[in-house]
Amino acid sequence: MCGIWGLFGLKVPSLTCICENFEKIKHRGPEATKIEFDHMVKNGYLGFHRLMIVDNIYGMQPMKNFKYPHLTLLCNGEIYNNKELGIQHEFSYATNCDVEVIIHLYAVLGAKNVTRMLDGVFAFYLLDTKNKRILIGRDPYGVRPLFRLYSDDGQLAICSESKGLIGITKQITSRCILEPFPPGSYEEYEILNDGRTKLLRRVNYYQPGDKPSFQAFIPYDRLSSTDIHQNIRELLTGAVKKRLMSDREIGCLLSGGLDSSLIAALLVKCGRDINLPYRIKSFSVGMRDSPDIIAARQVAKYIGTEHHEIIFSENDVVDILDKLIYHLETCDITTIRASIGMYLVSRYIKYHTKTTVIFSGEGADELAQGYIYFRDAPNATEAHNESVRLLKNIYLYDALRADRTTSAFSLELRVPFLDIQFTNYYLSLDAASRQPQDGSILEEELEKAYLKFPHCTPKTKEALYYRKIFEKYYEGQAENFVPYFWMPQWTKGVCDPSARFIAHYTADVEN
């Protein structure tokens with residue numbers, strides 16, 4: 001996790017103006033800072049704040065490569081398939097830094113084949129002084145933030161957060177707009193003689209659910225044609241595994257809910273598989289003895305993490321609210337409310353542990369229809385469309401919250417649920433099967449059970465659930481194995497075999 005900053009075509013009064021604005025994103029990378037001016041681009045400035053996660057020695061940016069000295073890269077991101085791309089295209093890397101692959105892809109395959117080949121999360125801009133070009137790209141779901149400031153007369157500025165560009169807007173006299181750079185897109189600009197720019201093309205290279213253009217981490221032909229649950233397990237495990245690349249200590253957020261618990265459990269398992277030399281730390285936050293705190297405590301004990309609980313009060317909320325909204329860069333009510341705990345737990349991690357890379361369960365509610373209102377969807381198609389809409393806009397809400405609250409304290413967030421291969425597979429499943437289900441059984445399914453199971457027809461959701469599992473292993477054998485459901489005799493209006501539903505049982509309990 002880093003902070004990138006760039007300015008093209010604006011004649012600033014002094015370097016003080018550059019530094020004052022660039023300095024506002026230093027929290028994203030407090031361990032090294034560099035501002036660069038290239039005489040081949042008039043009025044062009046490049047800035048980078050580094051958080052050292054991979055290749056602490058040679059990973060500094062702006063990055064150049066001896067083979068392509070006319071190219072300069074600034075990138076905030078992690079590219080999980082950099083080694084595979086290097087082997088596939090015979091790239092000769094000068095560093096062990098994963099983002100270097102962007103330079104090689106651009107030089108060998110051209111601008112249109114950079115973003116679509118990357119398996120990872122990223123926000124970058126690449127300066128090509130030889131061809132007078134600038135390439136800007138952002139990952140499919142906007143996990144890594146990026147803002148673009150552009151004026152009618154071609155002044156261009158780029159920054160990881162808007163706070164690094166607000167001051168620049170006051171220096172531009174022509175009409176300009178500052179806005180988030182759209183996820184799943186790239187833009188190419190021509191650099192004019194005065195350092196200003198001209199937009200050449202804007203391309204949307206990805207929509208939620210698209211199949212990866214790169215060689216997938218889990219080969220698709222390895223997936224089962226019948227066992228969907230196994231495929232989901234394998235793909236989500238793979239999404240966690242590929243995100244383990246780090247020279248810094250890894251931990252996880254744990255609320256005790258399903259999403260974060262799954263990621264935490266997989267992280268512990270995958271960490272053991274690669275022999276991480278430390279015990280995974282988990283972190284939960286809440287008011288004293290809140291349901292989240294209690295549930296997270298139970299999960300942590302079961303999976304074996306070194307667990308930390310951060311307890312906060314109403315006064316803590318008042319104390320941090322102003323700073324929180326400054327970091328978030330949003331006035332959305334839900335986002336601000338949901339950010340309070342995450343901001344406080346990130347602050348604790350920063351000042352009380354060595355953990356720098358944080359796994360979390362963000363993206364699951366959007367992808368898997370976890371929000372409670374999905375239960376009111378009129379049909380499966382509408383529910384699917386709403387899921388896709390949420391994923392398209394997640395960079396404005398949950399992904400924004402997750403990034404800003406952690407980056408405020410120089411932490412790097414990783415979100416396996418938004419893995420490109422995993423989202424592609426999950427969204428390709430039958431829309432009805434992805435809808436919220438009460439105990440995995442829909443009312444409609446129970447009503448029509450007699451059509452599918454005419455012998456010993458299940459009358460309750462529990463019975464139908466059992467029957468579906470039975471049929472998975474012993475399809476069509478129920479009539480041979482079970483002549484009838486065991487039921488007590490001489491009872492009327494009872495369809496459950498438990499004695500609790502018999503009048504005598506109730507009378508005995510009362511006596």
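**Domains and a sheet in a predicted model**

In this predicted model, 30 residues of domain 1 are in contact with 30 residues of domain 2. To place these parts along the protein chain, the domain assignment gives domain 1 as residues 3–204, domain 2 as 220–433 and domain 3 as 441–510. The C-alpha centres of domain 1 and domain 2 lie 27 Å apart.

Between domain 1 and domain 2, an area of about 2600 Å² is buried, with carbon and sulfur atoms giving 56% of it. On the domain 1 side, Ile 53, Tyr 80 and Tyr 141 supply 30% of the area buried against domain 2, more than any other three residues. Elsewhere in the list of charged pairs, Arg 28 forms a salt bridge with Asp 403, with 2.9 Å between the closest N and O atoms.

Attention now turns to a sheet. An open sheet is built from 6 strands in the order β4-β5-β6-β7-β11-β12, with antiparallel pairing. Its edge strands, β4 (63–65) and β12 (197–204), each pair on one side only. From one strand to the next, the twist averages 20°. Helix α3 (residues 101–109) packs on this sheet and touches β4, β5 (68–79), β6 (120–128) and β7 (133–138); the direction of α3 makes about 130° with that of β5.

At the β12 end of the strand order, β11 (residues 185–191) and β12 pair in the antiparallel sense over 7 bridges. Here Tyr 189 stands opposite Leu 199 in β12.

Notes: Residues numbered from 1 in each chain as written. Predicted model: local features only at pLDDT ≥ 70, side-chain atom pairs only at ≥ 80, totals over all residues. Heavy atoms only, no water. Pairing = 2+ DSSP bridges. Helix = DSSP H or I, 4+ residues; strand = E, 2+ residues; numbered from the N terminus. Axes fitted to C-alpha atoms, helices over the stretch in contact; angles between N-to-C directions. Contact = heavy atoms within 4.5 Å. Domains from an automatic or database assignment. Buried area = accessible area lost by both parts, 1.4 Å probe. Salt bridge = Lys/Arg side-chain N within 4 Å of Asp/Glu carboxyl O.
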